[in-house]
Amino acid sequence: MAVTDALAALPSHLRKRLAQMLDSGSLAAPYSSGAVLTALGHQDAAVLSALRHLAELGVTNRGAAAWIRALDKSVAPAQKPDLVWSGPEVSGLHARDTRRVYEELFASAKRSLWAVSYAYFDGPRVFEQLAQRMEEVPELKVTLLLNIHRGYREKTNADHLVHRFAEQFWKKDWPGKVRPAVFYDPRSVDPEVPGVLHAKAVVADEESVFITSANFTSAALDHNIELGLLVRYRPLALSVVTHLQGLIDRGMLRALPG
């Protein structure tokens with residue numbers, strides 16, 4: 001039971017990494033704390049003990065890999081969310097890196113990707129990977145929901161703000177030839193109606209959903225203390241997409257002019 005508990009407690013991506021390293025021989029019996037550190041990125045005495053126990057039972061490296069993959073599938077329906085942080089690392093914490101999670105979702109989407117952010121800086125860099133993915137996978141449908149910021153006490157006409165943002169986005173910020181669908185919250189440019197699009201989330205292929213406090217900015221991805229959860233659960237992912245699509249269908253989010 002202790003073997004199962006130690007490995008079942010790991011996030012799915014770490015179980016998969018262990019299995020890959022066991023298959024390749026880069027992680028092999030007799031297992032050492034240094035080898036586990038290399039595999040997991042931190043020390044984990046329970047995992048080391050579990051691997052050593054499998055070896056004592058006569059389980060080969062490849063046999064351990066197959067067993068770990070079977071365990072991963074068995075716990076997948078009840079898989080806990082991956083904890084995702086930006087900022088200073090804490091030793092011993094099983095957590096993902098915010099930038100890596102964004103990159104992973106952008107690079108792996110095959111059918112659809114929804115991305116929501118209150119703010120972004122350096123558009124060509126932020127959207128480069130996503131734009132490249134759209135060119136590599138023509139059937140990929142990307143929908144971006146972005147906030148248009150009205151400055152404090154700014155008196156600019158709402159339509160002018162929208163068109164100024166659109167011109168900046170399409171000419172300077174979006175680096176690809178294939179365009180995503182882009183929507184904004186009209187309340188953000190209306191000085192008489194309170195409310196902005198403040199959510200930060202990504203949904204990939206209606207299978208994985210990442211909810212985070214981090215915007216598409218280098219500060220949020222690399223320096224700020226930001227917290228999020230990555231959940232691979234289709235019903236939840238579908239509910240987020242359904243809600244966002246509902247806001248579009250009801251006219252509460254509007255298409256950015258091309």
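**Starting at Gly-258**

I'm working from a predicted model. I looked up Gly-258 and found it in the segment after β9, the strand at 254-255. Buried or exposed, I wondered about Gly-258? Its relative accessibility is 84%, and the cut-off for exposed is over 50%, so Gly-258 counts as exposed.

Next I checked what Gly-258 touches: skipping neighbours within four places in sequence, I got Trp-170 and Arg-179. I also took a distance to Val-142, which is 116 residues away in sequence and 15 Å away C-alpha to C-alpha.

**The strands**

I moved on to β4 (residues 141-146) and β5 (residues 181-184), which run parallel and are joined by 3 bridges. β5 and β9 pair over 2 bridges, in the antiparallel sense.

**The cores**

Which residues touch the most other members of the largest nonpolar core? I noted Leu-113, Leu-144, Phe-169, Trp-174 and Leu-256, out of 37 residues. Helix α9 gives the most to this core, with 6 residues.

I then listed contacts for Trp-174, again skipping neighbours within four places in sequence; among them are Phe-127, Met-134, Leu-144 and Arg-179. Last entry: there is a second, separate core of 22 residues, including Leu-10 and Leu-48.

Definitions and conventions:
Residues numbered from 1 in each chain as written. Predicted model: local features only at pLDDT ≥ 70, side-chain atom pairs only at ≥ 80, totals over all residues. Heavy atoms only, no water. Helix = DSSP H or I, 4+ residues; strand = E, 2+ residues; numbered from the N terminus. Buried < 20%, exposed > 50% of the residue type's maximum accessible area, 1.4 Å probe, protein only. Contact = heavy atoms within 4.5 Å. Pairing = 2+ DSSP bridges. Core = buried A, V, L, I, M, F, W, Y, C linked by side-chain atoms within 4.5 Å.
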